[in-house]
Amino acid sequence: MGTPGFAVASLKALVDAGANVVAVVTAPDKPAGRGMQLHSSAVKQYAIENHLPVLQPEKLKNPEFLDALAAYKADLQIVVAFRMLPELVWNMPRLGTLNVHASLLPQYRGAAPINWAIINGEKESGVTTFRLKHEIDTGNILLQQKVTIEPNDNAGTMHDKLMEAGATLLIKTVKGLAEGTITEVPQAEIATSQLKHAPKIFKEHTLIDWSKTVEQIHNLIRGLSPIPAAYTLLAGKSVKIYSSHTELATANKTIGEFDTDGKTYLRFAASDGWLYIDELQQEGKKRMDTVSFLRGFRA
């Protein structure tokens, strides 16, 4: 059960490992693009290419869908980047339902664990396989794999690292469950009082607050790049910022003001220094590096 490209890696790993994937459940086709043509999810496209039956329920409690799902008599259901399941779905298989989550649970439960780990300046993330239960992302942990967040990583590069790590961990988990070698660990046993959460990213999360430190702003930019991207206002226009670097200094500008030589650099004053913009996109224009942007920029 999955929808985006992140889930395809896990599905492919199962197929390549010889698992008997009896069916794939994914989101209904949706209109997209200028012509609003119907587009299939990445998971559906892979499933069709590999001759796997596909179910696309609008509602997960639909009796027809439930009957179709039950008819497959699956031993195990696997959820990767899908929606919340009702109990009558996740409790259906003999071995239950497991989820692949892009964090080291119980930290960063929620919809955007990759983004928030980077925004918060973490140096390490990872993937977790766990059993589904009522409360989201709280089930017993099966296996975990740590993944380092490098200084140059952003949400896009970490997405790809965790996607591959999650697929590998999933195969270990399925084999372990089949062999009875996995010891489940309740999250309450390893939870700390300082749990960090990963709620869905909204527009208000993406506006840069220049009163913060340059490191905090730099991490926000990394954590939101390439999608949805952090943004600010420059000469009255909205500008998305995709990459940056920092300089600790006493800026001779008011916090939030920009400074440029008109050729090589564009920087903003933050609370403890300068935030240099490396790649950006002004509304109505293409994404470009700062030097290219400054050729056509007039303050």
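Leu98 stands opposite Arg131 of strand S7. The structure is a predicted model, in which local features need pLDDT of at least 70, side-chain atom pairs count only at pLDDT 80 or more, and totals for chains, interfaces and linings use all residues. Residues are numbered from 1 along each chain as its sequence is written, and side-chain values use heavy atoms, with hydrogens and water left out.

Strands S6 and S7 run antiparallel and are joined by 4 bridges. Strands here are DSSP runs (E, at least two residues), as are helices (H or I, at least four), numbered from the N terminus. Two strands count as paired if DSSP finds at least two bridges between them.

The sheet is open and holds 4 strands in the order S5-S6-S7-S8, with mixed pairing. Strand S5 (77-80) and strand S8 (141-148) form its edges, each pairing on one side only. Neighbouring strands are turned by 15 degrees against each other on average, direction ignored. Axes are lines fitted to C-alpha atoms, for helices over the stretch in contact; angles run from 0 to 180 degrees between N-to-C directions.

S5 and S6 (residues 97-101) run parallel, joined by 4 bridges. Val79 stands opposite Asn99 in S6. S7 and S8 run antiparallel, with 7 bridges between them. Ser125 has Val147 in S8 as its bridge partner.

Helix H6 (residues 155-179) packs on this sheet. H6 touches S5, S6, S7 (124-131) and S8, where contact means heavy atoms within 4.5 Å. The direction of H6 makes about 150 degrees with that of S8. S7 is mostly covered, with 6 of its 8 residues buried (under 20% relative accessible area, 1.4 Å probe, protein chains only; exposed is over 50%, partly exposed in between).
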